[in-house]
Each structure stands twice: as C-alpha cells, then as structure tokens.
Amino acid sequence: HRVDRRQRQMCIRDRCQGTGRMAVSETIDVSIPAGVRDGSRIRLAGKGEAGRNGGPPGDLYIVTKVKPHPHFHREGDSLVFELPVTVSEAMNGAEITIPTPTGPVQMKIPSGTKSGQRLRLKGKGVPNLKTKERGDLYVVIRVQVPVTDHPEALEAARILDRFYKTDVRLS
C-alpha cells in the first residue's frame, strides 16, 4: 500500500519563510499485515515531521480502515460466512465447496442440518497479529425454500409436513 504524507524538512535559503522548515510531499510504501483490525495504528519510525532545530524526525502513524468483505464478516479473529443450501442438501447432507481467505475447501454438511446452524472450519479465519495463529471460519447454514407455485413442489411440501415430530413453533 502507498501512503502520501507531508513532511517538513530543513529549509534552504529563503524558501522556508523564516521557519527553518518547509513542506515537501513523499510517497511511502507501507506493508499492511494480514489480520489487521479496523482502527489499528501502524507506526513508521522516523517518517513523521522533521524535528525542531535540526532534531530527528518524528514518527508517522497510519490508522487503518478495513473495508467490509462481500461474503465474510469478522468476529475477533474468526470469520462468519452464510451458506445458502437447498432443502434436500440440509435433509440428506452434502459436500459443498466453501470459499476461505486461503482458497476453497470441501465441507461436509451433515444430514438433518437446520437453518441457522453454525458449522466450524478450524484455523480458516484471520491470523492473529501477536500469536500468528488463525481464528476459525464459522459457516452459518441458510436453508433456501424454492419460490414456486408448481403443483408438484407444493404437494412435496405437504408430504414433508407429515414428518415433523412436534409443532415447529413450540420447539
């Protein structure tokens, strides 16, 4: 990442207007570590404003602003991903490819999985800046009901209703 900064440097002749320093611009390459959080401060020693009376330059601090990801949201060092599945995949189980920050992985959806259930992929989250260990990736199952008025689908739904053991609103 590049950061533009303004730095005051010792003045040469009359260009400083008597202050002993003048403003110049400089572009600096900055390495942003994986796992940095929103609002974290990154210190660049000696890259700040020039010191007074010929003293050493100060430090430059960069405050990070992390853009939201379109598919993951962060909970500490863990990530959460909402996975839409079909009624059949939830009932029968399935093996589905899941995106992770390090690349896609295969994940088994157990038979009988309910909508809202959280499944964990250990070590597939964000790296911790201190320990370097990755958090987990939690996959939240979202069972998608087909939107249709096809008579065969509606009849299949009525047949499924017979297999609920209890009233779903009481469990």
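Student: What should I know before I start?

Tutor: This is a predicted model, where local features need pLDDT of at least 70, side-chain atom pairs count only at pLDDT 80 or more, and totals for chains, interfaces and linings use all residues. Residues are numbered from 1 along each chain as its sequence is written, and side-chain values use heavy atoms, with hydrogens and water left out.

Student: How do I read a pocket, and what is the volume of the largest pocket here?

Tutor: Rolling a probe the size of a water molecule over the atoms shows where empty space is left. On a 1 Å grid over the protein atoms alone, a pocket is an open set of points where a 1.4 Å probe fits, with protein on both sides within 12 Å along at least five of seven lines. Its volume is the space filled by probe spheres set on the points, which are joined across faces, edges and corners. Here the largest pocket comes to about 880 Å³.

Student: Which residues lie nearest its centre?

Tutor: Lining residues have an atom within 4 Å of a point. There are 23 of them in the largest pocket, with Val87, Met91, Val143, Leu160 and Tyr164 nearest the centre. Helices are DSSP runs of H or I with at least four residues, strands are E runs of at least two, and both are numbered from the N terminus. The largest share of this lining, six residues, comes from α2.

Student: And the second largest pocket, how much space lies in it?

Tutor: About 660 Å³. Val36, Val66, Lys67, Arg74 and Val126 lie nearest the centre of that pocket, and strand β5 (residues 72–75) gives the largest share of its lining, three residues.

Student: How do I read an aromatic pair?

Tutor: Rings of Phe, Tyr and Trp (its six-membered ring) pair if their centres lie within 6.5 Å; planes under 30 degrees apart are stacked, over 60 edge-to-face, and the rest tilted. The count here is one pair. The ring centres of Phe72 and Phe81 are 5.7 Å apart with planes at 50°, so this pair is tilted.

Student: Are Phe72 and Phe81 buried or exposed?

Tutor: Both are buried. Buried means under 20% relative accessible area, exposed over 50%, and partly exposed in between (1.4 Å probe, protein chains only).

Student: Where is Thr100?

Tutor: Thr100 sits in the loop between β7 (94–98) and β8 (105–109). Its relative accessible area is 8%, so Thr100 is buried.
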